[in-house]
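Open the model in your viewer and keep the selection panel handy.

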Amino acid sequence: MAPVATYLQTPTEPIAIQTEDLTVTYDQQALWPTNLQFPQHAITALIGPSGSGKSTFLRCLNRMNDGLAKVEGKIMLGEVDVNRPEINVYRLRQQIGMLFQQPNPFARSIRFNLSFGVMEHQHISRAALQEKMQTALEMVDLWSEIEGDLSRNALQLSGGQQQRLCLARTLMLTPDVLLLDEPASALDPIATAKIEANLLKLKQNYTIIIVTHNLEQAARISDYTAFFYEGKLREFDRTKQMFIKPHLQLTNDYLSGNFG
Amino acid sequence: MGQQFFDELKSLQTNFMDMGINVSEQIYQSTKSFIDHDKQLAQQVIDHDRMINGSEVSLEKQALYLMALQQPVATNFREIVSILKASADLERIGDHAVGIARETIYIKGNQRIPEVEEMIAAMTNSVRKMLEEALDAYFRENVSVAEKVAATDHEIDQQYVQIRQALTNSPQLDSELAPASASYLMVARFLERIGDHIVNISEWIVYSKTGNIVELGNHRRD
């Protein structure tokens with residue numbers, strides 16, 4: 001493989017999760033060795049054209065590619081390499097929660113949606129559970145919208161509300177890291193703005209990694225941005241820096257929409 | 001636009017107002033140093049200009065980040081562009097204050113013309129009043145006040161012409177007075193230019209609120 005120009009800034013903040021020479025191979029190699037450090041309690045956006053490897057990379061972080069692809073290299077969550085076979089992926093996914101493009105609530109009550117995961121994994125009193133549910137719903141600004149009525153069916157909520165419910169459902173398991181794969185691409189601008197406001201609030205306590213095709217969104221909410229192209233991480237820098245003065249011509253062209 | 005954007009915009013507005021107040025103070029101190037022949041104060045004005053320049057740079061950075069990252073449109077966009085442009089005018093006003101302070105330091109001889117010094121003091125007051133009213137118009141988002149401020153530049157221009165006439169038409173034109181006269185003329189000229197920059201600031205206030213790029217006043221831009 002011919003060497004390609006890359007520019008990778010080293011974050012100054014403490015690192016929550018990092019990859020070391022992470023590669024993904026389906027039938028062909030989809031991700032070339034990737035070393036990326038995610039600052040704690042910050043939002044990092046992964047951007048790049050379709051097929052650039054950004055979603056593939058994201059899905060490795062909580063082992064969503066297991067059984068679909070060969071994932072090699074290290075994924076260090078603190079001091080632990082979570083890419084080893086002996087790691088319990090169900091426990092891992094409590095620590096690294098995920099939100100998808102389409103809202104996917106269970107077709108049950110809001111209460112069921114929120115309590116299901118917790119009841120499965122923890123012994124918790126009824127009162128503590130109730131408090132936890134309220135806190136999670138407040139974090140996503142849904143508590144007042146549903147007027148505290150947890151018995152409502154989740155599918156009665158609007159798309160944006162469903163997505164925020166799914167975010168609250170993830171928060172119920174008190175993860176350290178939140179992975180978001182295009183969480184707002186199915187939502188209208190107002191619902192999108194609400195999700196973005198949630199994320200800006202949540203980053204005080206969580207490390208957030210978001211894949212987005214919406215460059216304006218990456219610019220608005222992220223602290224760091226990673227640019228992927230043809231299966232390779234090409235540029236990683238503070239968002240402020242990258243959106244004003246990217247280091248690579250390739251990044252500049254992508255951000256300016258000058259591809260093709 | 002999210003809450004984060006409005007917080008940052010507010011901080012940008014506050015920083016712009018602070019810069020305006022500091023620049024107004026620089027005009028006052030520089031002419032005071034000139035009239036009082038206070039070289040120490042003049043040096044303070046010159047030193048202080050570094051801070052003014054620094055605030056312009058940080059305002060520019062703040063405005064550029066907001067534009068690049070938040071991509072504001074409509075009123076938000078116009079407001080940020082206006083601050084960006086008006087802060088450049090404030091910075092130039094600061095440079096003119098430094099020019100006045102330098103005259104204080106370089107002025108030779110002790111021959112003075114009290115009547116002209118009085119006229120310069122009066123002109124300084126007019127210019128400062130004009131700047132403060134422009135900042136007030138900005139703060140209150142008041143277009144008609146901004147337009148009124150720009151119209152007063154006419155008076156500043158007249159004051160300049162009067163000082164010029166007082167210097168050249170002086171019957172006792174004395175070679176002893178020539179160096180001081182040159183400095184008086186320079187200072188009056190700096191003040192006149194400051195007036196023009198305040199007109200520009202008023203124009204940006206109008207743009208920010210109405211979206212119209214206007215040419216206010218009939219000031220010379222030579």
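This is a predicted model: local features need pLDDT of at least 70, side-chain atom pairs count only at pLDDT 80 or more; totals for chains, interfaces and linings use all residues.

Residues are numbered from 1 along each chain as its sequence is written, chains are lettered from A in the order in which they are written, and side-chain values use heavy atoms, without hydrogens or water.

**Stop one: the interface**

Select chain A and chain B. Eight residues of chain A contact seven residues of chain B (contact: heavy atoms within 4.5 Å). About 730 Å² is buried between chain A and chain B, 66% of it from carbon and sulfur atoms (buried area: accessible area, 1.4 Å probe, that two parts lose on being put together, summed over both).

Now pick Arg220(A), Lys240(A) and Ile244(A). These three supply 59% of the area that chain A buries against chain B, more than any other three residues.

Next, colour α7 (215–221) and α8 (239–244) of chain A. Each of these elements gives two or more residues to the side that touches chain B (helices: DSSP runs of H or I, at least four residues; strands: E, at least two). The largest share, four residues, comes from α8(A).

**Stop two: the largest pocket**

Select Arg93(A), Gln94(A), Met98(A), Arg169(A) and Leu173(A). Of the 23 residues lining the largest pocket, these are the closest to its centre. Which element gives the largest share of the lining? Show α3(A): it supplies seven residues. α2 (89–95), β7 (96–99), α3 (110–121) and α5 (159–171) of chain A each supply at least two.

Note on methods. On a 1 Å grid over the protein atoms alone, a cavity is a set of points where a 1.4 Å probe fits but cannot get out, and a pocket is an open set with protein on both sides within 12 Å along at least five of seven lines; lining residues have an atom within 4 Å of a point.
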